[in-house]
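Here is a short report for a reader new to this structure. Look over the sequence and the model, then read on.

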Amino acid sequence: MTGPSLMDSLFQRSIDDLIKALRLTPPGTETAFVAKAIDEIRREIKSTDPHTKAAALQKLTYLHSLHGLDMSWAAFHSVELSSSSAHSHKRTAYLSAALAFNPATTDVILLLTHQLRKDLSSPNVHDVSLALSTLSSICNTDLARDLTPELFTLLSSSKVTVRKKAIATVLRVFECYPDAVRVCFKRVVENLENSDLGILSAVVGLFCELTENEPRSYLPLAPEFYKILVDCKNNWVLIKVLKIFAKLAPLEPRLGKRVVEPICEIMKTMGAKSLVFECVRTILTSLSEHDSAVKLAVSKVREFLSEDDPNLKYLGLQALAIVAQKDILAVVENKDLVVKALSDSDLNIRLEALRLVMCMVSEDNVMEICRILISHALKSDPEFCNEILGFILLTCGRNYYEVVFDFDWYVLFLGEMARVPHCQKGDEIATQLIDIGMRVKDARSQLVNVARELVIDPALLGNPFMHAVLSAAAWVSGEYIKLSRNPFEIMEALLQPRTSLLNPSVRAIYIHSAFKVLMFCVHSYLKLNGEESLIPSTLIDSELVSDVEVDDHNMIVTNGQAPSASSVTHHLTQESLLALVNLVEINLGPLAGSNEVEVLERSTNVLGLIKLIKPMLLGSLNDGEGDQTKGELKAPETVKLIFDSYSEDLGPVSVNAQEKVPIPNGLVLKENLDDLEEICGDMKLPLLTSFSLVRSQFAEASNSAEWQGKEESELSTESTSLLAEHRKRHGLYYLSPGNRVTTSNDYPPAHDPNDKAIDEDEDLAKLTEKSLVTGKKPSQSKPRPMVVKFDDGEVTTVATNRTEVKAGLISGAVNEVLLGDEATTSSSSRRKPPKSRRGTGDSNVSITESKSDASKIDQSEHSKAGLGGSKHNGHGKERRRRNSGKDKEHDRKDEHKSESVAHGKHRSRHRADKAVEAQAPVIPDFLL
Amino acid sequence: MIRGVIIMNDQGKPRLIKFYEFQPPEKQQELVRSIYRVLCSRAENVSNFVKVDSLFGPDVRLVYKTFATLYFVFIFDKSENELAMIDLMQVFVETLNKCFREVCELDIVFNFYKVHTILDEIILGGQVLETSSEEVASAVDAISRSLPLPLSLCAYVCALVSSCEWVLRCNRHILVQLSLRVGKEWQFHDSIYSWLAEMIATELW
């Protein structure tokens with residue numbers, strides 16, 4: 001402690017000064033203050049005096065950790081200070097490294113290797129543990145490789161703290177450098193027998209992490225874990241062992257039989273809730289075939305649920321959710337508590353309860369449950385209310401409305417949900433409304449009623465969350481207008497002044513629906529007056545007339561709407577129609593100057609139609625005979641054509657429909673579309689529930705088409721934008737745009753013009769027949785309306801997971817060590833030379849030394865005992881001597897490990913004789 | 001595995017951030033802010049678990065607990081037991097209590113390094129090392145005993161003691177006791193300690 005350094009540090013701001021000053025800075029000036037402090041630190045950190053440097057680094061680390069400042073520029077200073085002889089400086093340096101170094105990108109980490117090695121082998125316990133905790137934070141492949149020998153030594157350190165820290169660090173090293181497993185694994189396994197709880201807990205924790213990824217490799221260690229399960233009384237250790245067994249038990253049924261009893265015993269006798277919960281979870285997830293154990297676990301869950309502690313309640317509900325996947329009865333038994341939890345003050349608990357309630361939904365109770373839930377939704381806060389609505393929509397919509405039997409009810413219910421004050425699920429409701437419209441023909445009349453209620457209510461237009469629902473309602477009203485009681489009323493609703501509150505895209509749908517309604521009215525009027533020879537019969541294709549008539553007739557019969565339909569026709573007089581046309585003209589006239597393209601286009605369409613039909617209507621009013629000029633005669637015909645194009649039913653379209661489009665003649669597809677993969681590689685497949693508003697004919701035509709070439713499969717995943725991009729680049733391979741544009745002003749279906757003209761009803765029936773066969777049909781008084789669906793499998797590309805690869809490497813090494821295959825040992829020794837070549841300088845020697853050391857142990861133990869190789873040499877000998885007298889084939893009830901050693905030995909020898917390259921792990925005989 | 005430990009106060013100011021997998025500093029701040037937003041909206045007497053799927057991905061859980069003005073937050077994955085994590089949090093707080101004698105927020109604010117030392121004795125690389133607060137406290141004690149008093153802190157005490165006015169207003173007895181306590185607790189270097197004693201002596205007489 002020299003004078004100058006004392007003076008220096010007197011004037012240097014310490015970390016405490018910095019913190020104090022930071023606390024005193026007025027809010028808002030903090031950034032400026034920090035910037036100033038950083039400048040100061042930049043100056044100080046370059047100092048040659050370690051005290052000044054350390055103080056500067058301390059401040060910087062503090063600012064980095066709690067104020068999010070970048071300190072990557074100071075990485076080298078951390079390295080520099082770490083070699084200081086003072087422990088406090090070392091501590092500062094290592095902490096800054098642990099907090100700020102990025103193992104993947106910080107280059108100077110490599111410079112730490114030497115210092116870490118020195119500290120790992122230091123006699124000072126504090127230095128060693130400091131180095132270990134730093135290593136576990138900043139470990140990368142190079143560090144792991146270079147420091148494995150030191151870690152190997154520490155794994156059998158006589159100091160408990162050091163040893164358990166080394167064990168905890170090993171996990172990171174294994175992850176970064178799987179070859180370390182070959183060196184260290186035996187020592188790790190030896191520690192499973194340690195009597196010290198700290199060490200045992202660390203090892204079990206390590207195995208718990210390792211089994212998470214690749215449990216099968218650790219099956220041979222089951223006897224050791226079993227012993228701990230039975231003997232150990234420490235909660236922490238038991239919890240981890242239970243987690244391990246939860247992974248192992250599903251792999252080996254005999255193991256499950258073995259452990260279920262001790263687990264139940266623990267559950268009955270131990271008081272700690274955490275342990276009991278772990279037992280419950282283990283049984284419910286991995287031992288669910290043991291009925292009595294499950295029963296006991298569920299009873300424990302019930303205890304949890306009746307506790308006052310919200311944590312226990314929450315976890316209890318989560319445990320029930322695990323059971324629900326396998327055995328819904330257990331949930332139903334606890335229905336009372338679950339429903340009670342639905343009105344808990346804790347959102348977490350309510351959500352879990354809600355999830356459970358939705359698990360219980362079936363065809364029989366869906367109406368009742370939904371009614372209860374919606375009343376809950378009405379009185380709860382907005383967030384939970386929307387959760388409830390989301391869950392109802394999800395559950396009811398699942399698998400093409402599997403649980404919904406009465407679609408009239410469900411459609412009404414959707415309307416009710418849309419009107420819940422806090423509802424923000426408009427998009428989903430809208431999707432389902434349209435989807436049901438397309439899929440369930442029988443629900444349409446009720447759907448139109450619901451849509452009418454929604455469209456007609458001016459109050460709803462002000463709520464932006466409702467807009468999606470309203471657009472769906474408008475679409476439904478327009479599309480199924482022939483089922484409506486009063487089209488005029490709908491028209492008024494669609495044109496009401498408050499529609500200006502809607503956003504342009506929704507408004508465009510409103511206008512388009514108005515167009516459809518107008519078409520319908522005009523067409524009905526023309527048909528009514530058809531016999532009055534307003535339209536010369538020569539102009540009407542007789543086929544078309546009969547078609548429409550039949551269609552209307554069908555509709556009336558099937559929906560029992562005869563009176564209303566006729567009332568529509570009663571209203572249709574020339575005057576009323578003209579009034580309607582005028583109404584549309586007045587309301588949409590101003591929109592022809594709209595800035596929004598969609599709105600502009602739709603309204604211009606309607607106005608164009610009006611221009612076409614108005615003279616006709618006026619002409620018939622005036623009853624002028626000379627008006628029947630050629631131009632006017634065209635009007636009814638056009639109306640007919642447009643109406644016909646709209647009267648086709650829309651159906652759902654399979655996501656894979658595009659694949660089934662036949663390739664038109666003369667179109668040459670590029671042989672290899674590999675370059676497409678680059679574009680679509682990261683595209684996700686659209687959800688099955690998505691639909692598109694394409695004429696059903698398209699889907700059907702495509703359905704009946706045969707599969708043509710695999711290359712097309714990629715196309716299905718493309719989004720339209722990508723398609724457009726692709727078209728731009730490879731226009732050669734697409735149909736020329738001229739083919740697609742049709743000249744008439746109606747909306748042609750976007751499909752191949754030479755469609756197969758199959759009657760669509762027939763085809764729909766075919767499709768549903770298919771679904772009828774697969775879907776189960778409950779016997780109920782009223783038949784369930786048919787739901788159109790496709791059963792095409794989703795094609796998903798599974799990307800290989802990088803972590804899995806790594807886990808595979810670890811488990812591969814573990815297998816080698818545990819199974820003691822001679823072949824694998826030799827392969828690992830063959831792999832050694834390149835490893836040591838990678839090392840640098842003197843480290844080279846130590847690595848090869850310890851490695852060959854380890855492999856020597858390997859070989860000596862491998863040859864003698866396969867599974868028992870995991871034990872320490874001395875112990876092994878002792879046991880072997882003890883075993884020699886025993887009969888190896890009997891005494892199966894004795895689960896003592898020594899027996900499994902004997903068997904393992906036996907097995908490995910057997911295997912060595914056969915020279916089988918064992919891939920599957922040995923299943924310990926004690927399990928039999 | 002434990003993914004991270006955070007201490008923050010009820011204003012959302014972080015007091016300790018430790019992630020066991022590297023997170024860039026901006027990301028850390030962002031995470032703290034998002035976690036705070038969730039925590040401050042939760043009522044009292046509700047469960048201590050929070051869903052953090054959106055922040056950390058599936059299977060990651062978060063448990064928190066309030067102690068006076070501080071939120072203690074543990075983030076962990078499915079290889080840890082939820083209730084055990086609450087116990088571990090209790091161990092952490094107990095240890096802090098032992099090391100700081102009735103810990104308060106200020107202790108944690110001004111002892112950035114010591115809190116990290118304590119945490120490192122409980123958790124290493126995301127693995128639970130020690131679950132007894134006595135053990136942890138004694139380990140931390142052993143570490144701090146091996147550390148000399150930071151120089152700047154010496155300077156403080158010197159300045160404090162040499163302030164005449166303050167000394168005159170003080171009872172001599174209390175002052176000596178104070179210096180003894182300071183010396184014992186902060187492990188003064190002998191040289192400073194004797195120098196201090198000398199100064200007190202000259203000031204008093």
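## Salt bridges overall

A search of the whole structure finds 41 salt bridges over all chains. A salt bridge here is a side-chain nitrogen of Lys or Arg within 4 Å of a carboxyl oxygen of Asp or Glu. Side chains of opposite charge can pair when their charged atoms come close.

## About the model

This is a predicted model: local features need pLDDT of at least 70, side-chain atom pairs count only at pLDDT 80 or more, and totals for chains, interfaces and linings use all residues. Residues are numbered from 1 along each chain as its sequence is written, chains are lettered from A and ligands numbered from 1 in the order in which they are written, and side-chain values use heavy atoms, with hydrogens and water left out.

## Pairs within a chain

Glu80(A) forms a salt bridge with Lys53(A), and their closest N and O atoms are 2.8 Å apart. Glu80(A) lies in helix 5 (residues 75–82) of chain A and Lys53(A) in helix 4 (residues 50–67), so the pair ties together parts that are 27 residues apart in sequence. Helices (H or I, at least four residues) and strands (E, at least two) are DSSP runs, numbered from the N terminus. Glu80(A) is partly exposed, at 37% relative accessibility. Lys53(A) is buried, at 8%. Buried means under 20% relative accessible area, exposed over 50%, and partly exposed in between (1.4 Å probe, protein chains only).

Chain B has its own pairs. Glu105(B) forms a salt bridge with Arg15(B), with the closest N and O atoms 2.9 Å apart. This pair links distant parts of the chain: Glu105(B) is in helix 4 (residues 105–110) of chain B, Arg15(B) in strand 2 (residues 14–19) of chain B, 90 residues apart. Both ends have values for burial: Glu105(B) is buried at 18% relative accessibility, and Arg15(B) is buried at 11%. Asp141(B) pairs with Arg145(B) in a salt bridge, at 3.4 Å between the closest N and O atoms. They sit 4 residues apart in helix 6 (residues 133–146) of chain B, which means about one helical turn separates them.

## Where the chains meet

How many residues of chain B are in contact with chain A? There are 59, and they are in contact with 73 residues of chain A. Contact means heavy atoms within 4.5 Å. The two chains bury about 5600 Å² between them, 58% of it on carbon and sulfur atoms. Buried area is the accessible area (1.4 Å probe) that two parts lose on being put together, summed over both.

The rule finds 7 salt bridges across this interface. In one of them, the side chains of Glu82(B) and Arg281(A) meet at 3.0 Å, N to O. Salt bridges that share partners join Lys243(A), Glu278(A), Arg281(A), Arg61(B) and Glu82(B) into one network.

## Nonpolar cores

The largest nonpolar core has 254 residues. Such a core is a set of buried Ala, Val, Leu, Ile, Met, Phe, Trp, Tyr and Cys residues joined through side-chain atoms within 4.5 Å. Phe185(A), Phe207(A) and Phe92(B) have the most contacts inside this largest core. Its largest share, 13 residues, comes from helix 29 (residues 504–528) of chain A. A second, separate core of 48 residues includes Ala54(A), Met71(A), Ala93(A) and Val73(B).

## Chain B as a whole

Chain B has 10 helices and 7 strands. Of its 205 residues, 53% are buried.
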